[in-house]
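Let's walk through this structure together, one piece at a time. Keep the model open as you read.

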Amino acid sequence: MELNPVFARRLYLAHLVASMERPNVPKLVEYTGWPRRTIQDVLKALPGIGVSLRFIQDGRRHNDGYYQVSDWGPLNKEWVAGNTATIASYII
């Protein structure tokens, strides 16, 4: 199996959002080591591959909260979860 690095990054981040407890941008930056802007761009691009996200407001400020995958669309979340190491190996 060979994956495009951009697609692999999107799959990987969708998996992290679905599997982490209360994932927000700072937590995802800390976990992945990716720049903040990369995380934001990938989150914004997820609907383009059919993954729907919700932002759960959890605080007084407009940006306090976390993300949640509300629909995987055409993707099989079990396949993504089972192939996370392979997916991560294609991320540059």
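A residue is called buried under 20% relative accessible area, exposed over 50%, and partly exposed in between, using a 1.4 Å probe and protein chains only. With a relative accessible area of 40%, R22 is therefore partly exposed. A quick word on what you're looking at: this is a predicted model, where local features need pLDDT of at least 70, side-chain atom pairs count only at pLDDT 80 or more, and totals for chains, interfaces and linings use all residues. Residues are numbered from 1 along each chain as its sequence is written, and side-chain values use heavy atoms, leaving out hydrogens and water.

Back to R22, which sits in the loop between helix 1 (5-19) and helix 2; helices here are DSSP runs of H or I with at least four residues, strands are E runs of at least two, and both are numbered from the N terminus. Most residues other than glycine have a negative phi. R22 has a positive one, near 50°.

Now for the helices on either side of that loop. Helix 1 and helix 2 pack at about 120°, with axes 11 Å apart (axes are lines fitted to C-alpha atoms over the stretch in contact, and angles run from 0 to 180 degrees between N-to-C directions). So helix 1 is oblique to helix 2: under 35 degrees is roughly parallel, over 145 roughly antiparallel, 65 to 115 roughly perpendicular, and the rest oblique.
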